[in-house]
Amino acid sequence: MFSGTTRTARSESDAAKQAVSGTNRCEFCQAYSGHRDAFSVVWEDADFMAFRDRSPASLHHFLLIPKIHIDSVKDLTKQDTDMVRRMEKIGNDILDQHQVPATHRRMGFHVPPFNSIHHLHLHVHALPYTSLARRLKYPVIGGFGTSDKGFSWFAEVGQTIRILHRGSTVGTFPC
Ligand SMILES: [Zn+2]
Ligand SMILES: [Zn+2]
């Protein structure tokens, strides 16, 4: 009986340690768990946080992340539609604060394996891009027929909302 109790206690503490070290391994989890000084935070509430991209690809380039670890846009399902709608709204609020006209806004997610950081982040851009090479990292390719998005490594936020809302998932291929 005693050994059983000991084993349970040990495995619980191991699980706790793993959870902590898992958080520490993710660069973006650190933004809201003790290393926020390393980030240029521009917006925050209980559930989301936005900071400037360290290597801006456009006039203003922010990254908006949820304060829970989600690997990527590929992991989102229909039940996440409202979360993405909230992210779109927050992204627009941030761009409002920087007086960015509607025609100069672009927001979206990189689709794995084309994401550099494996923590869901919405790219919030005020155009123009700083170079053609940078612009090509964020292509918005329209869908055709029943798809909302064509073949691309970037899912624009509106496309993402429509795809999730109809119960599909986001990928590189038309969806
Ligand atoms: Zn994370
Ligand atoms: Zn990205």
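**Reading the fold**

Modeller: From the N terminus on, the elements of the protein run α-β-β-β-α-β-β-α-β-α, where helices (H or I, at least four residues) and strands (E, at least two) are DSSP runs, numbered from the N terminus. This is a predicted model, in which local features need pLDDT of at least 70 and side-chain atom pairs count only at pLDDT 80 or more, while totals for chains, interfaces and linings use all residues. Residues are numbered from 1 along each chain as its sequence is written, and chains are lettered from A and ligands numbered from 1 in the order in which they are written.

Biologist: How many helices and strands does the protein have, and what percentage of its residues count as buried?

Modeller: The protein has four helices and six strands. A residue is buried if 20 or more other C-beta atoms, placed from the backbone, lie within 10 Å of its own, exposed if 12 or fewer, and partly exposed in between; by that count, 26% of the 175 residues are buried.

Biologist: Which strands pair with E4, and in what sense?

Modeller: Two strands pair if DSSP finds at least two bridges between them. E4 (residues 105–110) pairs in the antiparallel sense with E5 (residues 122–129) over four bridges, and Met107 stands opposite Val124 in E5. E4 also pairs in the antiparallel sense with E6 (residues 154–156), over three bridges, where Gly108 has Glu156 as its bridge partner.

Biologist: How are two packed helices described?

Modeller: The description uses the angle between their axes and the distance between the axes. Axes are lines fitted to C-alpha atoms, for helices over the stretch in contact, and angles run from 0 to 180 degrees between N-to-C directions. Here H2 (residues 81–97) and H4 (residues 157–165) pack at an angle of about 165 degrees, with their axes 9 Å apart. H2 and H4 are therefore roughly antiparallel to each other, a label given to angles over 145 degrees, whereas angles under 35 count as roughly parallel, 65 to 115 as roughly perpendicular and the rest as oblique.

Biologist: Which residues make the contact between H2 and H4?

Modeller: Two residues are in contact if their C-beta atoms, placed from the backbone, lie within 7 Å. H2 contributes Thr81, Val84, Arg85 and Glu88, while H4 contributes Val157, Thr160, Ile161, Leu164 and His165.

Biologist: Where is Val100, and which residues does it touch beyond four places away in sequence?

Modeller: Val100 is in the loop between H2 and E4 and counts as partly exposed, with 19 C-beta neighbours inside 10 Å. Not counting residues up to four places away in sequence, Val100 touches His60, Leu95, Arg105 and Ala126. The C-alpha atoms of Val100 and His125, 25 residues apart along the chain, are separated by 9.4 Å.
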